[in-house]
Every structure is written in structure tokens, then in C-alpha cells.
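I opened the model to look up helix packing, the chain contact and the confidence scores. My entries follow.

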Amino acid sequence: MDATTGTAPPRAAAAARLAGPLRPLWPFLLLLAIGLAMPLTGNEYWGLITTRMAIYWVLVAGLNLIVGYAGQLAIGYVALLAIGAYTTSVLAAGNVLPPLPAFAALGVAGLAGAVFGVVVGLPALRLRTFYFAMTTLGFATIVTQITLAWQDVTGGGIGIAGPMLPAPFDTTWGFLYFCLGFAAICTWLTANIARSRFGRALVAVRDAEVAAEASGIHKPKLLVLVFILAGALAAMAGGLFATLQTYITPDAFTFDLSLLFFIAVLIGGRGSILGPLLGTAILTVLPEIAAPLAAWSTFLYAALLLVIVLAMPGGIAALIDPRNRRNLPENRVIGPQPAALDALLGRREVPAPLTLRGIVLAFGGVRAIDGVDLEVTPGQVHGLIGPNGSGKTTTLNVISGYYRPEAGSMAIGPAPLPAGKPQGRAGLRIARTFQTPRLIGEASVLENVMIGGTTDGRTGFAEALLALPRQRQEEREFEARARLALEAVGLAGLAEARADRLQHSELRFMEIARALMLRPAFLLLDEPAAGLSTEEIRRLGALIRGISRHGTGVLLVEHHADLIFDICDQVTVLNLGKVLAAGTPAEIRVHKEVVSAYLGA
Amino acid sequence: MLASIIASGLAVGAVYALIGITYNTMFATSRVMSFTAGQLGMLGGVFGSLFTLRLGLPILPALVLTLACCALIGVVTEIVAVRPVLKSLDQHLYVLTTLAVALLIQHMTAMEWSTEPQPFPRLLDLGSGIWDEKYWLPVAVCILTILGLEYLYRRTLVGRAFVAIAEDNFAARALGLPERNLRIASYALAGAIGALAGFAGGQLLLAFFANGPLLNFYGFIPVALGGLGNNRGAVIGGFLLGLFQQAANFLVGGIFSSVAVFTLFIIVLLAAPQGMFGAQAARRV
């Protein structure tokens, strides 16, 4: 970094761009160099261990996206290793079909792994965490039993010979180099996903599922893509594993291995690539350097798992993350920048108004909303006030699709707005914030904001996997837009900070920035002023006014009557789920029933 | 032959149901599904064999000691793996901590006891053929346990306190119920129930460390099918599973019967994630 940070031109700011999961690069290069230098030791045994480490990492790299990024507790991943190992071995041995060359067999194994990766993962789309963990364990048991029983193909308990790779990969060192190269490619591929909008969406699904939905992230679609990738990598690791073992039996695929893969990710820490890589290396080497421990390896892994979860939930990644140590400036002030808002929102076509007609929704016997009519006009701020339990937030949740009303209709202009479907709202440019900020604590503020633009992503998963130019261009645009949004709400200085280190008031503005990322036609704010100081409320008011003046229709749920009467063009008052009054702030302020029911004398 | 399928089906079904109740008992007071449930069942068999055959104790003291040991392990589980992660229940860390404790138990047993199945003694020496005690004993114990739990939950103050905690943790605490002590007590109770399952089914399953994960999985299925926290659902689900499994065992052979059970389990769960008698998920927004 140069010393002129304070006046750094925008180009320099872009050069300091968000730290990808491969930054800094030197630890990865160092590990690779150690692996490549192994032949110099002349010790073939350590060569084999390094090879095994590289193979395990191929699997863990994919699993890391599922466990570390998406937070899905897939424990029985040894099943996919076994599927890959047997597919490769059987195809290369030719005891079912004519024998295939080893590389072709490896490729087919990758395809099989992709399919079974989805099969193993499907329950995650519908079931709760413990259920999913259980089904992956069950799957691992079943696969082992099938390999035992299907003797004609797998050789049953006697086993089957692993495939031989052609020269020059048929020696210890040749095979080591092949596996290292393959592992390096896998590292690069998964890092590409991790730093793309797909990686951010995975973390969002893990830590802030509701906000992810509101940002238009489709969890099942996203997870299936990642299951395909992780399954293919795991199965190819299996093929290499069979080559390394030279001979495989069902005994080779014990639950211990599953545990090793899973714990490697957890030791490494969530949302990191270097951490799980180190975790894999440590867990592979540990039983080797402490030979008496070999029989106790499961015990050791289990104890490690317990200690990590209880004592250092962040894993290795938290220890090596420099963002944890850097102090944030004290006495920071949130200073929204209207100019940035201009640049971000610009001049747009004024959309049609958002209308609600006769919305009814009951929870059990309680009519939470009972025939609410509402019209949010573009370019205006519409206040929604009322006592606690009057149905304000429920109305917001109906608009953003979390609740399906029992009666009534919603529309934007002439086009009806379908009930339910929260993931579809971002595509319709309806953005929102939440009463309790929903954030991804471990991600940077910038990344949190970039989540908001996910629905605008045009490049596909494959493009992200290979980091093709069009995808990198799109990422740069996302980042620029997110920086503008942060500047607009006044948090530009905190873009690189971890979100969980921010103060409550800053989180409220960060949520607005995330919503602005969408360049929303309608913005739904759920008590944005709660917990803010008087000065901050004043700035918030100016910001909301500014947003509405760029053509966005704002629906503001709030308890601060002063803020409402200051900035709203229209106010609707709810009481017991019904509209008590609607009109301009001046009319509402003197409305008799409102004053007695809510505002007080 | 049909009779022997039914006899063995009901017997293993009863063991699965008891493990299911073990899950439910822990879940009720803590909202935690614990991987240790199956291990407690396994330990029931191992401790039973240890106290009777290796140490030569009579049946009754051996049973009492087995129950006490497993109850203690239940309490240790609560302290080590459950209490520390209750604050952040939504992060599902308990899946990891209880899995770790379960593996510690399992591996410890493998190293210190035996990696081979060990014999379990005949307890009462009653009956033969399909009326052998190894078939009807688990069923009888399952029925007695259910009756005992019903009595506990409906007729005793402590039992009602359990129900109150299970129903609404916050309200129960606000009423001044000693939530933590009740939770510990429920983990001790769960340990004893799991031990009972292993002890009663010892002659069928033997004293074998690898029964842990097996019981864990097959004991979870009735819970998943019957709905979390629903003991009656667990009993019905357990017996159905036992009968289905033994029938499949007989018709298509052991390995494909576990494939059949697993496939059916996944399909039913995907169709009805809440189970047959379960409650709807909570609101999220």
C-alpha cells in the first residue's frame, strides 16, 4: 500500500480490492513447493504421504464449499470417495465393460460423483441439520455395504486392483507430481467459486438465510451446483486414491476417513481455503509422526472436534486472519454522501406504484392483518405506523413474500405481484431491511453489501469456476457498485472491516447499503431508526429522503414519530390489523383516533 | 417362519423404539438431537456383559449398575457437549459436539472392551423358540418404559416440570422452574432408558461396540417418522421399522434390506420432513 491512502484515486482503491481466499498467495505456493521438493529427500514413504495429502485435499477442497461455506453438515463424504475409487477401478480393470484408459475412467468417475453428489446432497434442501448429517452417515454405510455385496463388480471383500496411470505418472514421484498439479487446480477452481457471487451466496445461505432470500438467492439451485462440483472432485479423488492404494477393499473406506475430511474443514475454519488446506495436511501427517497414536486416531479426531467447536470455533482461519487484529478507528461517524447516491441511482424511469388491496392474514385465530389497503408511490416516502402488534412488520413480510395472505391482492402498476416467493422479489427490484440486522459476521462489510446485487449476476457457475474475463468484469462492476452504495450511506471507510465488528447503528446503514445495491424500485425499511442516536436519525432521514427523490418508493415502518412526520409524504396508521387512518403527515397528526390510540396527547 | 419374522421384528423394533425415546427425552428439555443415543444403547449391552459375565455379579445389581453408569454418561454428555452450545442453538453446533462425544465413547469401548462381539447372558432363562425371552423381553421393557414415562409425565410434579420445559422453555423458567437441573435429570433419564434398551436387547445384539452407530441410525428413524419429541410416534415407528427390516432381511437378504430401509427412510422424510405426527416449523422472519 502506498502512503497516500487518504487521497488515493479510485483506481488505487480498486487495486486494494477485496481479499480473495487465495490472498496472500505465498502460503499456498510454499506448501506446493514443499510438495514439489519431496523427491529431493529420496524418501518414498514421505512421497506417498504427500501424495495422499494432495488426494485428500482434492476431496476436502470441494467439501469445504459445502461444509465451510454453505454450512451444510455433510459428514459421510467417504461414500463419494468410495464411489469414485470403485468406478475408476472397475472401468479400468474392464471386468464389466471393455477396459477404459485410466484417465477416461477417472473422467467417468467424476461424472458419477457429480450425480451421486447431488443424490447425497438432496436431503439438505428439505431437511433440518441433524437429519441431513444423519442421512449422509446412512449413505456412507449403505455404499460400503453395497461394495461388499456386489461381488461380481467390486470383488466384494476380496477387493479389486486400482487403476495404473500411464507413464510418466506410474512412478512414486511422477504420481506425486500429477496429484500435486491436480490439487493445485482444484484449489484454484474452488477459490474462484469462493470469491465469486456464488461463494458469497453460499455464506449468505449459511449465516443469513432470510436476507439471502430477500436478495434473490435461490438456495436449492445454488446448493445443487455446489454438490455437483464437490461430488465430482470427491469421486476423482477416489480414483486417485485407488491408484495410490494399488488395491482397494471396502475396508479402505472407513468412517475414520469421513471424519478426517469433515474435521479438516472445521479445524481449518469456516469460509477459508488456506485453513482447511492446513487442516488436511495436519490430520494426514499427525498419525504418521506419532505412530503409537495410529490406533487411537478416531479418538484423537473426535477429541479435536470437541475442542475446536468449544474452544476455537473459528479454527485456524480465525488465527491467521489479519482483519481480526486491525483496530477500527474510534469515534467514527456515519456520513452519508448524496453525491454517491446520485451516481448509484442516477435517473431512472419512474416505475408504477405498488398497491395492496384488502390483504388479510391470520395466525391461528389472530387476524394479524385484516383488510389492509396501501399504495406506495414511486419517489415518495410512505410511513407505516401503529402500536406494537398492529401488523406493520407482517404487512412488510407479506409484500416481500415471506407470508402468503389469505385474501387480497398485490400489484405493481397493472402487473399482479405473486404472493409468497420471497426469492423473486429482488428480481422485481423490491429490496428490504430487517428489524434485527441480518448480516454475515465473518465476511467484510463490502462483501455483505455485494450480496444485495446477486440477482443481477449474469455470468454462470462455469464462468465463475474458471474466472473467465466476463465474470471478472462483472465482479469489478459489483464491487464498484457496492463501494458506491457504502459511500452513499456513509460507511466507505469500513468496507474492508469484518461485519461483526461494526456497531449496531452502522449495521443498520449497512443493511440499507445492501438494499441499495439492487437499485431498488421499492425499498421496505423495518424500523431503521431503532437504536440510533438523534444525530444518526437525522442523517438517516436525509438519506431516506434522498433515496426517494431518485424515484424509489420507500415504505417506512417506524416508531419514531418525529422521523415519520419529518420525512414522509404519506402516512398509513394501522391498529389491530386494520387501517385506522391514512393521509399526509399534517392530517394524521391531528387525527383524533390516531392521537388517542397511538400518538398520545 | 412368519412367526419368527414377527417375533424378531417386534424385538428389534422395541429396541429401536427405546432408542427413539432416548433421543426424545434429551430433545424435550434441550431441543438437542444427540448422537449419543445409540451409544447409550450399545453401552447397555457392554456394561451388562461386563458386570455379569466378566465381574460375575448377579443380574439385578448388574442392571442397576448399568443404568447408573449410563445415567452418569448422560449427565457428562449434558455438561460437556450440550450446555456449552445451548446459547447458539441455531448454529447447530450440538450436532458436532454430540457426534464427538459419541465417537469418543465408541472408540473408548472398542479399545478398552473389545472389537469383537462379546456374549450377553440369559437373564431370566424363560421361554424357547419364538417365545424365547430374547424376543419378548425388549417388547416388555419397551411397554413398561412407556407406561413409566406416561406415569412420570402425567402424575408426578417432576414429570410435569419436564413437560413444562419441553412445551415452553422461557415460560417455564419465568415460573421459576430449575431448568438446568431438570435438563441434567432428563439426560440422566435418557441414559438409563438407552441402557435399558441395550440391556433388554443384549441377547439379540450382543455386547458389541459397533452397535452404537447402528442403533443411532435405526433409533433415529422412528423419531424422524413419528415426529420429534413424540414418544408414541417413536414406538409405532420403531415397531414398524423392526417388522419391515426383519421381513426385508428374510426376503432379500441382510445387505439389501438395509438399502431398502435407507431408501424408504429418505423417501418418507423428503415427502414429510416433519414426520407423521410432528409439528410445523417455527416462523423465521
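Entry 1: I call a crossing left-handed if the near helix is turned anticlockwise from the far one by less than a right angle, and right-handed if clockwise. Helices (H or I, at least four residues) and strands (E, at least two) are DSSP runs, numbered from the N terminus. This is a predicted model: local features need pLDDT of at least 70, side-chain atom pairs count only at pLDDT 80 or more, and totals for chains, interfaces and linings use all residues. Residues are numbered from 1 along each chain as its sequence is written, while chains are lettered from A and ligands numbered from 1 in the order in which they are written.

I looked up helix 13 (residues 255–268) and helix 14 (residues 274–289) of chain A; they pack at about 130° with axes 7 Å apart. Axes are lines fitted to C-alpha atoms, for helices over the stretch in contact, and angles run from 0 to 180 degrees between N-to-C directions. Angles under 35 degrees count as roughly parallel, over 145 as roughly antiparallel, 65 to 115 as roughly perpendicular and the rest as oblique. Helix 13 and helix 14 of chain A are therefore oblique to each other. Their crossing is right-handed.

Contact here puts C-beta atoms, placed from the backbone, within 7 Å. On helix 13 of chain A the touching residues include A:Leu260, A:Ile263 and A:Ile267; on helix 14 of chain A they include A:Pro276, A:Leu278 and A:Ile282. Ala, Val, Leu, Ile, Met, Phe, Trp, Tyr, Cys and Pro count as nonpolar, Asp, Glu, Lys and Arg as charged, and the others, Gly among them, as polar.

**Entry 2: the UniProt record.** The unreviewed entry lists residues 260–286 of chain A among its transmembrane regions, and also residues 25–42. Such annotations may be inferred rather than shown by experiment. In the model, residues 260–286 of chain A are 81% helix and 0% strand, with end C-alpha atoms 11 Å apart. For residues 25–42 of chain A I read 83% helix, 0% strand and 28 Å between the end C-alpha atoms.

**Entry 3: chain A against chain B.** 28 residues of chain A contact 26 residues of chain B. Which helix of chain A gives the most to this side? Helix 7 of chain A does, with 13 residues. The chain A side divides into 21 nonpolar, 6 polar and 1 charged.

**Entry 4: a helix pair in chain B.** Helix 1 (residues 2–30) and helix 8 (residues 179–200) of chain B come within 9 Å and cross at roughly 175°. They are therefore roughly antiparallel. The contact has 13 nonpolar, 6 polar and 1 charged residues.

**Entry 5: backbone details.** I found a cis peptide bond between A:Ala167 and A:Pro168, omega about 10°. A:Pro168 is in the loop between strand 1 (160–161) and helix 9 (172–195) of chain A. A:Lys421 has a positive phi of about 55° and is not a glycine.

**Entry 6: confidence.** The model scores ipTM 0.88 and pTM 0.90. I checked pLDDT, the predictor's confidence in each residue, from 0 to 100. Chain A averages 89, and 96% of its residues score at least 70. Over residues 1–16 of chain A the pLDDT is below 50. Where pLDDT is low, the predicted coordinates should not be read in detail.

Notes:
Two residues are in contact if their C-beta atoms, placed from the backbone, lie within 7 Å.
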